Amino acid sequence: MAKKDEKSHKNAPLIGIDIGGTGIKGGIVDLKKGKLLGERFRVPTPQPATPEAVAEAVALVVAELSARPEAPEAGSPVGVTFPGIIQHGVVHSAANVDKSWLDTDIDALLTARLGRPVEVINDADAAGLAEARYGAGAGVSGTVLVITLGTGIGSAFIFDGKLVPNAELGHLEVDGFDAESKASAVARERDGLSWDEYSVLLQRYFSHVEFLFSPELFIVGGGISKRADEYLPNLKLRTPIVPAVLRNEAGIVGAALEIAIKHQLSK
């Protein structure tokens, strides 16, 4: 009986939710493989994206996933990502959601609304954790830096497979500028840069980060990781640099993985 119990709890599927500025996505995550069981489910992010409205939307996603045949057992913990700095379950920045989130205890809010344990992690951290465990960083020891190029520059700092949370490496100063103001994917489009011109900015950025942290591996995520062959070959670094592989599912998978680790439901 003990063995069956052990099997049913360790690495059992868990729900992961990814809160974004435009959509709230969720899925049931197979923690052995780092893949979704069935389709992900998405609802639009409420406008304005106040804590109460977002909590209702998250509850809707969790209810839909919980009704599926492959759903985890009722009351199992739920992992959630949020686009801001999260420290001890409290929101300390909120760039793409309502400002009323600042200083909100999001862990407590969602735990109360869902009636089950919830832990919230920064969205870039979640994606990085998933990529390091199941994606391009699997099996790499030492420092792995996952950098996402999108609206801004997100980052996740992983050391020996463990997350060092809230590393905001997109805000490093390069050439007197906040790096993400010049080197994000949105900045490339805004400034009408060719891939070669953009590669020059990325070279400055990644060389600076490499000098500061001497990582074993860079993993590049975000929407333009699909076009990695347009710019990664142009970069001259000591550190290997590769595109992310989990794409849009990374946040959902990372949210579930983080809560599994916290609740000792995964190694």
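1. Buried means under 20% relative accessible area, exposed over 50% and partly exposed in between, with a 1.4 Å probe and protein chains only. Ser184 has 2% relative accessibility and therefore counts as buried. The model is a predicted one, in which local features need pLDDT of at least 70 and side-chain atom pairs count only at pLDDT 80 or more, whereas totals for chains, interfaces and linings use all residues. Residues are numbered from 1 along each chain as its sequence is written, and side-chain values use heavy atoms, with hydrogens and water left out.

2. Ser184 is placed in the loop between helix H5 (179-183) and helix H6 (185-190), where helices (H or I, at least four residues) and strands (E, at least two) are DSSP runs numbered from the N terminus. A polar atom of the Ser184 side chain lies 3.1 Å from the backbone nitrogen of Ala187. Leaving aside residues up to four places away in sequence, Ser184 touches Gly150, Thr151, Gly152, Ile153, Ala179 and Tyr198, contact being heavy atoms within 4.5 Å.

3. A search of the whole structure finds seven aromatic pairs. The ring centres of Trp195 and Tyr198 are 6.2 Å apart and their planes stand at 65°, so this pair is edge-to-face. Rings of Phe, Tyr and Trp (its six-membered ring) pair if their centres lie within 6.5 Å, and planes under 30 degrees apart count as stacked, over 60 as edge-to-face and the rest as tilted. Trp195 and Tyr198 both belong to helix H7 (residues 195-213), three residues apart or about one turn of the helix, and both are buried.

4. Phe206 and Phe218 form an edge-to-face aromatic pair, with 5.0 Å from centre to centre and 75° between the planes. Since Phe206 lies in helix H7 and Phe218 in strand S13 (residues 217-221), the pair ties together parts that are 12 residues apart in sequence. Phe206 counts as buried at 1% relative accessibility, and Phe218 counts as buried at 0%.

5. Ring pairs also link Trp195, Tyr198 and Tyr231 into a cluster. Arg188 lies over the face of Trp195, at 3.8 Å from the ring centre, while Lys182 lies over the face of Phe177, at 4.4 Å from the ring centre. A charge sits over a ring if NZ of Lys or CZ of Arg is within 6 Å of the ring centre and within 35 degrees of the ring normal.

6. Where does Thr239 lie? Thr239 is in the loop between S13 and strand S14 (241-243), and at 6% relative accessibility it counts as buried. Its side chain makes a polar contact with the side chain of Glu210 (2.7 Å); such a contact is a pair of N or O atoms within 3.5 Å, and within protein one must be able to donate a hydrogen and the other to accept it, with residues adjacent in sequence counting only if both atoms are side-chain atoms. Beyond residues up to four places away in sequence, the residues that Thr239 touches include Phe218.

7. Val78 is found in strand S4 (residues 78-82) and counts as buried at 0% relative accessibility. The C-alpha atoms of Val78 and Ile259 are separated by 6.9 Å, although these residues are 181 residues apart along the chain.
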